[in-house]
Amino acid sequence: MTEEDSSAKMSEDVKRYLKLDPRSAAASEPPPAAALANKSRNFKSFEPPCPDHVLENVLENVLQFLTSRCDRNAVSLVCKSWWRVESQTRFEVFIGNCYSLSPARLTHRFKRVRSLVLKGKPRFADFNLMPPNWGAQFAPWVVATAKAYPWLEKVHLKRMLVTDDDLALLADSFPGFKDLTLVCCEGFGTSGIAVVANKCRQLRVLDLLESEVTDDEVDWISCFPAGETHLESLSFDCVESPINFKALEGLVVRSPFLKKLRTNRFVSLEELHRLMVRAPQLTSLGTGSFSPDNVPQGAQEPDYAAAFRACKSISCLSGFRELTPEYLPAISPVCANLTSLNFSYANISPDMLKPIIRNCHNIRVFWALDSICDEGLQAVAATCKELRELRVFPFDPREDSEGPISGVGLQAISEGCRKLESILYFCQRMTNGAVTAMSENCPQLTVFRLCIMGRHRPDHVTGKPMDDGFGAIVKNCKKLTRLAVSGLLTDEAFSYIGEYGKLIRTLSVAFAGNSDKALRYVLEGCPKLQKLEIRDSPFGDAGLRSGMHRYCNMRFVWLSSCALSRGCCRDVAHALPNVVVEVFGSDDDYDDTVIVDYVETMYLYRSLDGPRKDAPKFVTIL
């Protein structure tokens with residue numbers, strides 16, 4: 001069907017819609033006599049509306065209910081008319097790579113944006129694989145949006161370089177601003193946060209998560225305006241500087257809508273008790289430090305359990321930094337209501353965990369350090385039958401350490417938590433049998449990230465590669481969209497991924513594979529692949545060239561410490577005009593007098609506006 005035939009058919013559908021819709025009855029009624037008398041002088045007002053305009057009006061009403069980014073992107077590809085209507089009705093914009101387009105392109109296409117989600121550096125930056133001062137600056141985005149979207153209400157940034165000046169411009173430019181979330185961001189300090197707190201009078205969300213916040217010795221909490229606030233969420237657990245607790249307490253008191261509060265380690269257990277007494281409506285609580293101050297001799301301690309008992313709505317608990325074990329049972333009164341429990345900052349032993357977890361029957365999200373051991377995971381498996389997400393982080397992240405969890409804990413989780421959908425699991429010892437059991441017992445998995453710490457570690461029992469285990473995951477978990485592989489893996493494991501991983505969108509690889517065949521299996525066999533990140537693997541030019549047909553449709557490809565040549569990277573860049581290829585090493589290693597063919601790191605990404613203009617000296621854009 002041609003575009004003209006399609007438009008004609010849609011126009012007929014619109015006419016039928018108008019006839020059936022009682023709200024359109026007035027359109028078919030005869031005009032009043034006065035209007036007929038003026039017909040000759042105002043003839044155009046009675047011309048039938050253009051079918052395209054009618055269609056656009058109907059589309060506007062329909063698209064306001066379409067919230068999925070993928071659905072909206074698909075709608076915008078139907079034809080120019082649909083593209084135009086979708087642009088006019090897009091209020092939320094997600095940009096997965098800040099260099100995939102320019103701020104000018106954003107503001108030219110979308111005119112009514114109220115919410116902006118923007119990501120900067122690739123995920124391997126979390127593992128210190130990205131040189132400092134690489135880029136991902138928020139400055140050009142806040143300048144452009146300040147001019148184009150004075151009504152902007154929400155900004156969510158991840159792995160971006162944000163300065164205090166950026167935050168000041170944001171606070172000055174958007175009088176109705178309500179929501180600021182900074183995840184894994186850097187470059188700003190408490191003075192920038194103070195400006196946001198002071199000037200954004202409608203602020204509902206201020207969440208600073210895993211970001212580096214400089215201590216400017218500014219009392220930013222006291223900068224919130226006096227009187228009742230609109231705050232619903234306040235998270236500052238990553239702020240490594242003392243806060244004015246009296247100001248925080250006053251802020252909580254005058255924030256009746258506050259539901260989420262995550263404090264930093266400078267808030268003691270006694271202070272937490274005072275906050276809970278004043279905010280029993282909290283549903284999500286980050287405890288900060290879970291240790292009391294030095295209690296004077298003979299002084300009576302607060303009843304912490306009673307405070308938790310009074311907060312009947314709490315369903316999410318996190319924090320527990322600097323944990324004093326004997327106070328942990330105080331959270332018992334809320335355990336039955338918990339759907340999320342985060343112990344990822346608490347060095348908790350199995351004996352400490354078991355009395356708590358046995359009451360957490362409704363837990364859906366559980367994060368912990370590997371200090372809970374296999375025994376602790378067995379306790380989780382025995383109780384948390386509704387578990388959907390599990391993350392186990394290493395207490396000691398060194399590759400040569402011998403961690404306390406293994407395939408025993410993984411298999412226990414798979415047998416007890418069969419509704420599991422997402423898992424991140426750091427360990428030193430794993431078996432194919434445990435991974436296979438996970439694939440058979442938890443077929444609903446969409447995310448499987450197994451990080452076997454240490455290079456090329458085989459099956460702990462048999463000494464064989466981990467090929468069969470990861471092969472079972474991609475065979476049996478039909479909904480898998482994200483996969484991280486590690487351990488001793490041959491090309492055979494990647495052949496399984498290419499054959500069965502048809503829905504995989506994100507693949508992370510470390511210390512794995514034998515040859516370029518492995519990379520070719522993935523690039524030729526995974527049609528949905530969007531993000532590919534590889535480190536310390538023997539993949540070279542032939543493997544990179546095997547994906548030439550894919551890169552224009554992928555968000556990014558990252559290869560570091562592999563076997564790439566500069567010449568091959570240049571060939572890829574020249575062959576794909578809509579793809580940017582950056583090569584670089586560490587900032588300290590840069591020397592413009594020496595040109596080597598070996599590439600330490602290659603970062604390839606799709607861009608609508610070509611190479612960026614802010615590349616530092618150590619980055620070469622081919």
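Student: Where is the place of Ala-136?

Tutor: Ala-136 sits in the loop between β2 (115–119) and α7 (139–148); helices (H or I, at least four residues) and strands (E, at least two) are DSSP runs, numbered from the N terminus. This is a predicted model, in which local features need pLDDT of at least 70, side-chain atom pairs count only at pLDDT 80 or more, and totals for chains, interfaces and linings use all residues. Residues are numbered from 1 along each chain as its sequence is written, and side-chain values use heavy atoms, with hydrogens and water left out.

Student: What is phi of Ala-136, and is Ala-136 buried or exposed?

Tutor: Phi is near 65°, a positive value in a residue other than glycine. Buried means under 20% relative accessible area, exposed over 50%, partly exposed in between (1.4 Å probe, protein chains only). With a relative accessible area of 0%, Ala-136 is buried.

Student: Where is Ser-561, and what is its phi?

Tutor: Ser-561 belongs to strand β20 (residues 556–565). Its phi is positive, about 55°, although Ser-561 is not a glycine. Ser-561 has 26% relative accessibility and counts as partly exposed.

Student: At what angle do the axes of α4 and α5 cross?

Tutor: Axes are lines fitted to C-alpha atoms, for helices over the stretch in contact, and angles run from 0 to 180 degrees between N-to-C directions. The axes of α4 (residues 69–76) and α5 (residues 80–88) cross at roughly 140° and come within 7 Å. The two helices are therefore oblique to each other: angles under 35 degrees count as roughly parallel, over 145 as roughly antiparallel, 65 to 115 as roughly perpendicular and the rest as oblique.

Student: Which residues make the contact?

Tutor: Contact means heavy atoms within 4.5 Å. Arg-72, Val-75 and Ser-76 of α4 meet Trp-82, Trp-83 and Glu-86 of α5.
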